[in-house]
Amino acid sequence: MSVRLIIDPIDFVQNAGIRHGKIPVIDLVRLHDLLFDKKGELIYQISGRLDKNAKPGLQLEVKGKIHLNCQRCLEKLAYKIDLKTFLLLAKNEIELQQADEDNTIDAILAVPDLDVINLIEDEVILGLSISSRHADGECNSLKLKSAADNLADKKQSENPFAVLATLKKTH
């Protein structure tokens, strides 16, 4: 398990902090249910800066590759993560509510002990589609079914086990 990175986000911004590192996918426990396997790692960089209105925020960049479950064929789906976001730091609940009213701003509450790994995991989960799946025609099970249907149409009069023999050869 990797070491947790805990920051005080306001202090981090005031000191123009920058941190970067790698997170093994196996450490992102809340992501596990969506994954085909737990292989790989994510590379991140987080920096504290002020936005154009001089309000504190965190610039977060995450890159990597994970393997999701295709919701169509339940096979491995390679998914590239290339996340770049700026998170405005709200000093209290009122500021957070005001920021939430503006759909163009992403904001988080500036708690004094912000776990960066959890923040990254949150952003990755929010960035995933609701139903991840291969592009049309790329699912292996659908290709096999389509091939089997075509063979069955062509060889209806042949031995019914001939189709199975053909499928066996493709694996």
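Predicted model: local features only at pLDDT ≥ 70, side-chain atom pairs only at ≥ 80, totals over all residues.
The protein has 171 residues, with 37% of them buried, and its secondary structure comes to five helices and seven strands. Here is a short tour.

**Overall layout**
- Read from the N terminus, the order of elements is β-α-β-β-β-β-α-β-β-α-α-α.
- Among contacts with a separation of 6 or more, 58% are between residues 24 or more positions apart.
- The protein has an accessible surface of about 11100 Å², and carbon and sulfur atoms hold 51% of that area.

**The sheet**
- An open sheet is built from five strands, arranged S2-S3-S4-S5-S6 with mixed pairing.
- At its edges are strand S2 (18-24) and strand S6 (106-109); each has a single partner strand, so one side of each has no neighbour in the sheet.
- From one strand to the next, the twist averages 30 degrees.
- S2 and S3 run antiparallel and are joined by seven bridges, with Ile18 standing opposite Ser47 of S3.
- S3 and S4 are also antiparallel, paired over nine bridges; here Ser47 stands opposite Gln59 of S4.
- Five residues separate S3 from S4 in a hairpin, and Ala54 in its turn has a positive phi of about 65 degrees.
- S5 and S6 pair in the parallel sense, over four bridges, and Asp106 in S6 is the bridge partner of Leu87.

**Helices against the sheet**
- Helix H2 (residues 93-101) lies across S5 and S6, and runs at about 165 degrees to S6.
- H3 packs on the sheet and touches S2, S3, S4, S5 and S6. The direction of H3 makes about 120 degrees with that of S5.

**Nonpolar cores**
- The largest nonpolar core has 34 residues, and those with the most contacts inside it are Tyr44, Ile46, Leu58, Val62, Ile66 and Ile120.
- Two or more residues of this core come from each of helix H1 (9-14), strand S3 (41-50), strand S4 (56-69), strand S5 (76-90) and helix H3 (116-127).
- A second, separate core has six residues, including Phe86, Leu96, Ala99 and Ala107.

**Thr85, a buried residue in S5**
- Thr85 lies in strand S5 and counts as buried because its relative accessibility is 9%, below the 20% cut-off.
- Not counting residues up to four places away in sequence, Thr85 touches Leu58, Gln59, Leu60, Asp106 and Glu123.

**His32, back in the loop**
- His32 sits in the loop between S2 and S3.
- Is His32 buried or exposed? At 17% relative accessibility, His32 counts as buried, since the cut-off is under 20%.
- Leaving aside neighbours within four places in sequence, the contacts of His32 are Val25, Ile26 and Lys38.

Terms used: Residues numbered from 1 in each chain as written. Heavy atoms only, no water. Core = buried A, V, L, I, M, F, W, Y, C linked by side-chain atoms within 4.5 Å. Buried < 20%, exposed > 50% of the residue type's maximum accessible area, 1.4 Å probe, protein only. Pairing = 2+ DSSP bridges. Axes fitted to C-alpha atoms, helices over the stretch in contact; angles between N-to-C directions. Contact = heavy atoms within 4.5 Å. Areas by Shrake-Rupley, 256 points an atom, 1.4 Å probe, with all protein chains shown as cover.
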